[in-house]
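Let's learn to read a protein model together, one feature at a time. Have the viewer ready and follow along.

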Amino acid sequence: MKTIILAVDREHPDESVIRQAGEILKNGGLVAFPTETVYGLGGDGLNAESSEKIYAAKGRPSDNPLIIHIADMESLDRIVSEIPEKARKMAEKFWPGPLTMIFKKSDAVPYETTGGLDSVAVRMPSHPVALSLIRLGGGYIAAPSANTSGRPSPTRAAHVAEDLNGKVDMILDGGDVGIGLESTIVDFTEEIPVILRPGYISQKMAEEVIGPVRMDKGLLITDEKVKPKAPGMKYRHYAPNAGLTIVEGSTEQVIKTINEKSRELQAQGKRVGVIGTDETVGAYEAQVIKSIGTRQDEETIARHLFGLLREFDEEQVDHIFSESFDTPRMGQAIMNRLLKAAGHHLIHV
């Protein structure tokens, strides 16, 4: 398969290009496209064969649910059997935006899209290209992140091409994404809504709108016996080729420990990488040292995480050490992704 890559203006996408992409979707093909979170790999969410193609292109386990993307609230009625009042309030506050909500599905949604579940994950993105594509592509686009399963999520079209060139029909290049971490997922099939994946919209932000919201207990563990209700709950995700270890503690102790462990590995002939911040990169002693951003702006940390992990692959390092980033608002989401990338290998000093 030859993958067509077309550039699109973020704010004013060329309708003829989007229409071409939409026809691919309506004919059962796959199109990768930008959202405000990460790039998505889209197929017709109501077409079982399209969903199967998504799993095949990504090498994704078929019990890992896909998210259906819509462009307006009216579209929700066709794919869910009921909309709880709390979910309506969340939609009024955060849609379009980086929020995915889980509902009981209607018969219109094939089990191939939901990973065999009776629930469906739905999101209304805010990215103009994504919204235009949904409208011209049939109204219901199932789209996980546009990467090989387990790899760092793509925050620019080049990342998508690196993983999926030749496996998908088209890539729409809308430039770098804004947020850089996938959407927050909230399950509304429970009496008390449950966050299954932290993201830009925090637990505190949700509770300010609908009252009590709990965090899923499985967020920090990986259990092969658990059937995932949301993307990424069960499987190792976001992983670079190199081993990754997170070191948390006081800044002074973290720097000391990372330098000690870096020297040990370098003495064994290993190539070592370090993820620090603008405030600390000058203190490290490794072959490849990269800043993820500044602690004064946690959104830069979130935005750069996946791209940085891919850069270490290009540098062919053998092991990466990273600082911990338990920042005030997005720290939960950042650490969720980092811990999954590290296989939960964390050292407290």
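Predicted model: local features only at pLDDT ≥ 70, side-chain atom pairs only at ≥ 80, totals over all residues.

Q: Which residues does UniProt give to the feature "domain: YrdC-like"?
A: UniProt positions use the numbering here, with shortened feature names, and annotations may be inferred rather than shown by experiment. The record, an unreviewed entry, puts "domain: YrdC-like" at residues 15-201. That stretch is 31% helix and 19% strand, and its end C-alpha atoms sit 31 Å apart. Helices (H or I, at least four residues) and strands (E, at least two) are DSSP runs, numbered from the N terminus.

Q: How do I read a sheet, and in what order do the 11 strands come?
A: Two strands pair if DSSP finds at least two bridges between them. Here the 11 strands make an open sheet, ordered β1-β8-β2-β3-β7-β4-β6-β5-β9-β10-β11, with mixed pairing. At the edges are β1 (4-7) and β11 (214-215); each has a single partner strand, so one side of each has no neighbour in the sheet.

Q: Which strands pair with β10?
A: Residues 184-187 form β9, which runs antiparallel to β10 (residues 194-197), with three bridges between them. V186 is opposite I195 in β10, and a hairpin of six residues links β9 to β10. β10 also pairs with β11, this time in the parallel sense over two bridges, and I195 has M215 as its bridge partner in β11.

Q: How do strands β4 and β7 run?
A: They're antiparallel: two bridges join β4 (residues 67-69) to β7 (residues 141-142). H69 has I141 as its bridge partner in β7.

Q: Which strands does helix α1 lie across?
A: Contact means heavy atoms within 4.5 Å. Axes are lines fitted to C-alpha atoms, for helices over the stretch in contact, and angles run from 0 to 180 degrees between N-to-C directions. Helix α1 (residues 15-26) lies across β1, β2 (31-33), β3 (40-44), β7 and β8 (170-173), at about 150° to β8.

Q: What is the order in the sheet of five strands?
A: This open sheet goes β14-β13-β15-β12-β16, with parallel pairing. Its edge strands, β14 (288-291) and β16 (346-348), each pair on one side only. From one strand to the next, the twist averages 20°. Helix α11 (residues 331-341) packs on this sheet, touching β12 (243-248), β15 and β16, and its direction makes about 135° with that of β12. Four bridges join the parallel strands β13 (residues 272-276) and β15 (residues 319-323), with G273 opposite I320 in β15.

Q: Where is the cis peptide bond?
A: Omega is the angle to check: it is about -5° at the cis bond joining W95 and P96. P96 sits in the loop between α4 (85-94) and β5 (99-104).

Notes: Residues numbered from 1 in each chain as written. Heavy atoms only, no water.
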